[in-house]
Amino acid sequence: MSARSVCIVGSGNWGSAIAKIVGNNVKERREHFKECVPMYMYEEEFNGRKLTEIVNTEHENIKYLPGIKLPENVVAIPNLLEASKDADILIFVLPHQFVKKICDELQGKIKTSAIAVSLIKGFAISEEGIQLISRLISNILSIPCGVLSGANLAGEVASEQFCETTIGSKDKEIGELLKLLFETPYFHCSVVEDTDTVELCGALKNVVAIGAGIVDGMGYGDNTKAAVQRLGLMEMIKFAEVFFEGSKTSTFFQSCGIADLVATCHGGRNRLLGENVVKSKKSLKELEKEILKGQSFQGPLVAKEIYGMLEEKDMLNRFPLFVAIHNICERKMDPKEFVNCLRNHPEHL
Ligand SMILES: NC(=O)c1ccc[n+]([C@@H]2O[C@H](COP(=O)([O-])OP(=O)(O)OC[C@H]3O[C@@H](n4cnc5c(N)ncnc54)[C@H](O)[C@@H]3O)[C@@H](O)[C@H]2O)c1
């Protein structure tokens, strides 16, 4: 096949870090990819100038990834349809809440032979419950969609600190093509076929991270936090077994699983939320407003959905950690009870 055209849909912190990788890789792998990489950018003003204009002249996203130069072949475009019209590969990397609207706009307007890859962490949560973002993209656009997820903080990746990531693709050839697009000496990509689990890990780890924050807030040390991480991982594996048929335990030992879980339980917003739930009497809404300035945390939303799914299947007692985290977030359980829930966990029986 001739060289493929790549379009990046999204241009925030992670989108810009990925633009640096992809922009450089396509220049080196011209037999596989076209050199120009359009990047759809939601237009914003920054310091009185359009962000697209700043990116296209200074080659730096000074709002979302300051201090990192982007390759000049990455071109910021504020019009979604213009950016994506020739794309053979669409990289979705924007906050989950905008995905549906963006896909609705793209429906019927992209190449029917295109493929997608989602770098988005979290679930789409609708009235029908939890949906994997890659499924949402694939269903709306009628194209295959792989995933990429791992312990990958954008700032560290952009400054070329070594890390690993996991690519999930049901189609092996597409998986290898995506590896060619993303891998660098500092960004190691492993490819697995178990796409659902790769994506699932990225959402469930946020619930466990709230638990890590709860024990931090209570003043416990690293041993207790390690217990939260281990038991949390066991519940993640069990949840995948129950609700996502075909999920493989080995996938949890990839970067998308254990590595991302550990990283998120030590840094990250959901851990911070857990700590604040213990230390302050404020409601979740107030804490969200204070910490995230209006956006919503994924962890509590996912915990709530999981609670509903488990209640329906009469399985609450098999997932006591997920259940306790939900109840503590809802202020229906005293955080002091959390350690009892670890102590009496069914994994210990
Ligand atoms: N930041 C990281 O370190 C990191 C690492 C791995 C994965 N991720 C995942 O990548 C995804 C994107 O995260 P990010 O850190 O790049 O996000 P971000 O918060 O930095 O980016 C916000 C982006 O959303 C755009 N935006 C704002 N309003 C919009 C609208 N109405 N419609 C469309 N776009 C709009 C902004 O212009 C900006 O480009 C998330 O799912 C995140 O979980 C992030």
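This is a tour of one predicted model, stop by stop, with what to select at each.

**Before starting**

Residue numbers run from 1 along each chain as its sequence is written. Because the model is predicted, local features need pLDDT of at least 70 and side-chain atom pairs count only at pLDDT 80 or more, while totals for chains, interfaces and linings use all residues.

**Stop 1: the two domains**

Select residues 6-162, which are domain 1, and then 197-348, which are domain 2; these bounds come from an automatic or database domain assignment. Their centres, taken over C-alpha atoms, are 28 Å apart. Across the boundary, 13 residues of domain 1 are in contact with 15 residues of domain 2 (contact: C-beta atoms, placed from the backbone, within 7 Å). On the domain 1 side, at least two residues each come from strand E8 (123-126), strand E9 (129-132), helix H5 (133-141) and strand E10 (145-149). Helices (H or I, at least four residues) and strands (E, at least two) are DSSP runs numbered from the N terminus. E9 gives the most to this side, with three residues. By type, the side of domain 1 that touches domain 2 has seven nonpolar, five polar and one charged residue. Here Ala, Val, Leu, Ile, Met, Phe, Trp, Tyr, Cys and Pro count as nonpolar, Asp, Glu, Lys and Arg as charged, and the others, Gly among them, as polar.

**Stop 2: around the ligand**

Select the ligand and the 21 residues around it; Gly12, Asn13, Trp14, Tyr42 and Ala154 come nearest. A residue is near a molecule if its C-beta atom, placed from the backbone, lies within 6 Å of it. Which helix gives the most to this shell? Helix H1 (residues 13-28) does, with three residues. Eleven residues of the shell are nonpolar, eight polar and two charged.

**Stop 3: the largest nonpolar core**

Next, show the largest nonpolar core, which has 103 residues. Such a core is a set of buried Ala, Val, Leu, Ile, Met, Phe, Trp, Tyr and Cys residues joined through C-beta atoms within 7 Å. A residue is buried if 20 or more other C-beta atoms lie within 10 Å of its own, exposed if 12 or fewer, and partly exposed in between, with C-beta atoms placed from the backbone. Among the residues with the most contacts inside this core are Val6, Ile8 and Leu90. Now click on leucine 90: not counting residues up to four places away in sequence, its contacts are Cys7, Val9, Ser84, Ile110, Ala114 and Ala116.

**Stop 4: helix H13**

Select residues 298-312, helix H13. Its buried residues include Pro300, Leu301, Ile306 and Leu310. The buried residues of H13 pack against E8, H8, helix H11 (269-279), helix H12 (284-292) and helix H14 (320-329). After H13 comes aspartate 314, with a positive phi near 55°.

**Stop 5: isoleucine 291**

Isoleucine 291 is in helix H12. Is this residue buried or partly exposed? Isoleucine 291 counts as partly exposed because it has 13 C-beta neighbours inside 10 Å. Beyond its neighbours within four places in sequence, isoleucine 291 contacts Arg269, Leu272, Leu273 and Asn276.

**Stop 6: two loop residues**

Glutamate 160 sits in the loop between helix H6 (154-158) and strand E11 (163-168). Its phi is positive, about 65°, although it is not a glycine. Last, go to arginine 331, in the loop between H14 and helix H15 (338-343). Arginine 331 also has a positive phi, near 60°, and is partly exposed, with 13 other C-beta atoms within 10 Å.

Note on methods. Contact = placed C-beta atoms within 7 Å. Expected span 1.5 Å × (residues − 1).
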